[in-house]
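The sequence and structure are shown first.

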Amino acid sequence: MASKTDFVQFIADQCGGAGVITTKKMFGDYGIYCDGKIFGLICDDCFYVKPTEAGRALLGKVELRAPYDGAKDYFYIGDVDDRDRLSALVRVTCEALPEPKKRKR
């Protein structure tokens, strides 16, 4: 089951305090980016963030789930109502992730 576009837009809006948030449809669900760096997935109307030590420190108790069959575990973010907390999580996650590789044209 694919994610609803309303939910995808809600998550993007909630994370907006971290930078320029964009989403990209991928295999029926969505990748979510901040300033061009992918930091999470939105699958089946659930929000997942790439696991980092900085994210773990911010969240405290974390729940790890695979966003789809065969995927690595991500932080499952069940409470998506706190915009400030989500923006902070996106910021510290993106700071901890490597820069995206430049694509050859």
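## Helix α1 and its cover

The buried residues of α1 are covered by elements that include β1 (21-26), β2 (29-34), β3 (37-43), β4 (46-49) and α3 (83-96). Helices (H or I, at least four residues) and strands (E, at least two) are DSSP runs, numbered from the N terminus. The model is predicted: local features need pLDDT of at least 70, side-chain atom pairs count only at pLDDT 80 or more, and totals for chains, interfaces and linings use all residues. Residues are numbered from 1 along each chain as its sequence is written, and side-chain values use heavy atoms, without hydrogens and water.

Within α1 (residues 5-14), the buried residues are Phe7, Val8, Ile11, Ala12 and Gln14. Because they cover an arc of only 165° around the axis (taken from the directions from the helix axis to the C-beta atoms), they lie on the same side of α1. Buried means under 20% relative accessible area, exposed over 50%, and partly exposed in between (1.4 Å probe, protein chains only). Thr5 and Asp6 are exposed, on the face turned away from the buried side of α1.

Strands β1 and β2 run antiparallel and are joined by six bridges; two strands pair if DSSP finds at least two bridges between them. Thr23 stands opposite Ile32 in β2. Two residues separate the strands of this hairpin, and Phe27 in the turn has a positive phi of about 55°.

## Ser3

Ser3, in the segment before α1, counts as buried because its relative accessibility is 7%. Its side chain makes a polar contact of 3.0 Å with the side chain of Asp29 and reaches the backbone nitrogen of Asp44 at 3.1 Å. A polar contact is a pair of N or O atoms within 3.5 Å; within protein, one must be able to donate a hydrogen and the other to accept it, and residues adjacent in sequence count only if both atoms are side-chain atoms.

Notes:
Contact = heavy atoms within 4.5 Å.
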